[in-house]
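Please look over the structure below with these notes beside you. They take up a surface feature and then the way some helices pass one another.

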Amino acid sequence: MHMSDGLINAPTSLLFVVVAVAGLSIAAWRARSELDERTAPMAGLVAAFIFAVQMVNFPILPGVSGHLLGGALAAILVGPYTGMLCVSIVLIVQALLFADGGLTALGANITNMAIIGVVVGYGVAVALRPLVVRQRLRLRVLGGLTFAAALCGTVAASMGFVLEYAIGGHAMSGDSTSLGAVAAYMLGAHVLIGIGEGLITAVTVTAVAKARPDLVYLIRTAPRRVEVQA
């Protein structure tokens, strides 16, 4: 979800600019260990795909649009740190060239979609991975794993917005009941978005894994060798 300018106050915007810069600095440093001759071209394709799907959005609340995020997809295919950079580049280009998301809210948008969404989505995928790599990783099991990761990452990113609104937006509204309503609406809307994102992520990752499992970072970095079968 993209936040527009003025939805949270200036101190809160600045706070999450600092969070975003710190997170991306760590990601840029650690991404060097993920990028190789296989990951670098894939990262470009993933960024282009995320850019395309995020351009299809719809209003959820005043100043907030909903759309697919792509964080879990990026992390599973190219690694969490490279995935953060891919999503961040997309968000920066959208804000600067298409006015999709406010410039003052860019730090918050990056925090939600490129950091929280990626970390939670990939964390869920890694947590579930031991359950499915004991012998052979079947594509349908991989699909379920990636579906859950994308759903959780999307919902977590929306809750990041709720936190930011609670810190710097709720006080501006002056409505003592609005925070609960915003949280409930964001949660409900992003559960539905997460289901759609989970399906797209599952289909995309399983298609890549079927053709080239060596291009799927989650599989390639498993503690033990994984053999993919239909």
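1. L103 lies in the loop that links α4 (80-98) to α5 (106-132), where helices are DSSP runs of H or I with at least four residues, numbered from the N terminus. The model is predicted, so local features need pLDDT of at least 70 and side-chain atom pairs count only at pLDDT 80 or more, while totals for chains, interfaces and linings use all residues. Residues are numbered from 1 along each chain as its sequence is written, and side-chain values use heavy atoms, leaving out hydrogens and water.

2. Together with M55, I92, L96, L97 and F98, L103 makes a nonpolar surface patch of about 590 Å².

3. Helix α6 (residues 139-168) and helix α8 (residues 178-211) have axes that come within 6 Å and cross at roughly 150°, and α6 and α8 are therefore roughly antiparallel to each other (angles over 145 degrees count as such). In the contact of α6 with α8, the residues divide into 23 nonpolar, ten polar and two charged.

4. The axes of helix α1 (residues 10-30) and α4 come within 8 Å and cross at roughly 125°, which makes α1 oblique to α4.

Methods. Patches are made of residues with over 30% relative accessible area and no salt bridge: like charges are joined within 9 Å, nonpolar side chains (Val, Leu, Ile, Met, Phe, Trp, Tyr) within 5 Å. Accessible areas come from the Shrake-Rupley method with a 1.4 Å probe; for residues, only the protein chains shown count as cover. A salt bridge is a side-chain nitrogen of Lys or Arg within 4 Å of a carboxyl oxygen of Asp or Glu. Helices (H or I, at least four residues) and strands (E, at least two) are DSSP runs, numbered from the N terminus. Axes are lines fitted to C-alpha atoms, for helices over the stretch in contact, and angles run from 0 to 180 degrees between N-to-C directions. Angles under 35 degrees count as roughly parallel, over 145 as roughly antiparallel, 65 to 115 as roughly perpendicular and the rest as oblique. Ala, Val, Leu, Ile, Met, Phe, Trp, Tyr, Cys and Pro count as nonpolar, Asp, Glu, Lys and Arg as charged, and the others, Gly among them, as polar.
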